[in-house]
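Thanks for sending this one over.

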Amino acid sequence: MAKHVEYEKVSSDYLEHRQLRRGAAGWVLLAGLGVSYVISGDFAGWNFGLAQGGWGGLLIATILMATMYTCMVFGLAELASALPVAGAGYGFARRALGPLGGYATGIAILIEYAIAPAAISVFIGDYVKALGLLDATWPVYLACYVIFVGIHLWGVGEALRVMFVITGVAVVALVAFVAGMIPKFSADKLFDIGDGSFLPMGVTGAWGAIVFAIWFFLAVEGVPLAAEEARDPKRDMPRGIIGAMVVLLVFAAAILLVAPGGAGSKALEASGNPLPEAVRAAYGGDTFLAQLVNYVGLAGLVASFFSIIYAYSRQLFALSRAGYLPRWLSRTGKRKTPYLALIVPGTIGFVLATVMKTVDPVTGGARLINIAVFGAALSYVLMMVSHIVLRKTAPDLPRPYRTPGGVVTTGVALVLAVAAVIATFFVDEVAAAVTAGIVLIAVAYYWFYSRHHLVADAPEEEFAAIAKAEAELD
């Protein structure tokens, strides 16, 4: 164990009050979970990249981010099969980079997952408003958090099944949208921003669009957070996360082509509900398809909102169980759900969504995206470094699944993740500064308090302790 940390003894029943429900998900549910995390990004968020770099810039950014995520998913499939713990990214980095590296990775992931639902709730409010159902926004945000946190409190098996059904409905809406927009497609509509060129904002525009291209795939890396609740994580984790990535690649390509190709990039560059607006622009007014995509499109936003709540609760649960964050946050109830890890970030997310929409009604959701993306990109850098380090330092670690291409594959993901971190600074300095500030405060908490009060019995810490013992024996 690292010399600069201290472990405290905990009561014999400490882990009994911090147990998740085992065997709740097979690989199909895990794949559904991965798609569910991300699918809202097809309905809203990506289109802000059109304003940043034009269609050509967003296309280049999407290809780069699709490459990054695909390479990263292969690396995470290996790590999740070798180290199947609820901490996921934190657990991987803890084993490879030590306590501080693991904690920093976990905090970056937690920022992503705590902020992303707030951004999605803003988009849900925009979709609801577009339907004329409710003009007020904060009651929509409140309803989202109360209802869907409540379902998660009910139980993980039930929540995953509800999530799977909602995601299925959203997939139907995307298929209907793509089919309906194909007859209206025109290549000229793709380039109606700026001077009509492929890169109207130049190479720098494509660089800036990376932040929004990430929205097509953001949070698929959260599948390994379900490791302790999976039936057979060593087998199911790789199948689940890779299967989800394949589906997401198909939808990203289809949406990026037919939405601006049918409606025009200019019509969508600042929209909070781009798919229904695309249909209305393409068909010259409201249609049955526009209403269908608008109503059913809510399912896509809800699916991601619902599933990322699961993700933030498991990451917070793992960090708290190990003592990096206040231990009371990891307590589980009779239904084996971490109720405080669900409620506390949910309350913060509701406040953030309400405040940001009030302060900046037009781009409040986009700024929340940027904060979430910065946290995500930072975690990607650390997780890919972890994969590379473990290949070098732990070559004999049992790996039921091995990444095709090994460290070359994760090296590609690492380079592109660094580019994404830089792009976030490039696009929104305020969002980057806010995220960096949160990370610094969290690291200060670790340095002055939590590193002196860690829990050796936590699974992620046990992996590290066993690795150290084996190294000392060697």
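This is a predicted model: local features need pLDDT of at least 70, side-chain atom pairs count only at pLDDT 80 or more; totals for chains, interfaces and linings use all residues.

1. The structure has one cavity of 30 Å³ or more, and the space in the largest cavity comes to about 50 Å³.

2. Which residues line the largest cavity? They are Ala88, Gly89, Phe92, Ile109, Tyr113, Glu221, Gly222, Pro224, Leu225, Gln315 and Met383. Sorted by class, this lining has seven nonpolar residues, three polar ones and one charged.

3. Now for the open space. The largest pocket holds about 470 Å³. Of its 18 lining residues, Ile107, Leu110, Leu325, Ile348 and Ile438 are the closest to the centre. Two or more lining residues come from each of α4 (89–130), α13 (339–359) and α16 (429–448).

4. Which element gives the most to the lining of the largest pocket? That is α4, with six residues. As for class, the pocket lining consists of 18 nonpolar residues, with no polar and no charged ones. The lining of the largest cavity, by comparison, includes three polar residues and one charged.

5. Two of the pocket's contributors, α4 and α16, also pack against each other. Their axes come within 10 Å and cross at roughly 140 degrees. Because angles count as roughly antiparallel over 145 degrees, α4 is classed as oblique to α16. The crossing of these two helices is right-handed.

6. Here are the residues behind that contact. From α4 come Pro99, Leu100, Tyr103, Ile107 and Ile111, and they meet Thr435, Ile438, Val439, Ala442, Val443, Tyr445 and Tyr446 of α16. This contact divides into eleven nonpolar residues, one polar and no charged. Ile107 and Ile438 take part in it, and both are also listed among the residues closest to the centre of the largest pocket.

7. What is the handedness of the crossing of α4 and α12? It is left-handed, whereas α4 passes α16 in a right-handed crossing. In the contact of α4 with α12 there are 26 nonpolar residues, six polar and no charged.

Terms used. Residues are numbered from 1 along each chain as its sequence is written. Side-chain values use heavy atoms; hydrogens and water are left out. On a 1 Å grid over the protein atoms alone, a cavity is a set of points where a 1.4 Å probe fits but cannot get out, and a pocket is an open set with protein on both sides within 12 Å along at least five of seven lines; lining residues have an atom within 4 Å of a point. Grid points are joined across faces, edges and corners, and a volume is the space filled by probe spheres set on the points. Helices (H or I, at least four residues) and strands (E, at least two) are DSSP runs, numbered from the N terminus. Ala, Val, Leu, Ile, Met, Phe, Trp, Tyr, Cys and Pro count as nonpolar, Asp, Glu, Lys and Arg as charged, and the others, Gly among them, as polar. Axes are lines fitted to C-alpha atoms, for helices over the stretch in contact, and angles run from 0 to 180 degrees between N-to-C directions. Angles under 35 degrees count as roughly parallel, over 145 as roughly antiparallel, 65 to 115 as roughly perpendicular and the rest as oblique. A crossing is left-handed if the near helix is turned anticlockwise from the far one by less than a right angle, and right-handed if clockwise. Contact means heavy atoms within 4.5 Å.
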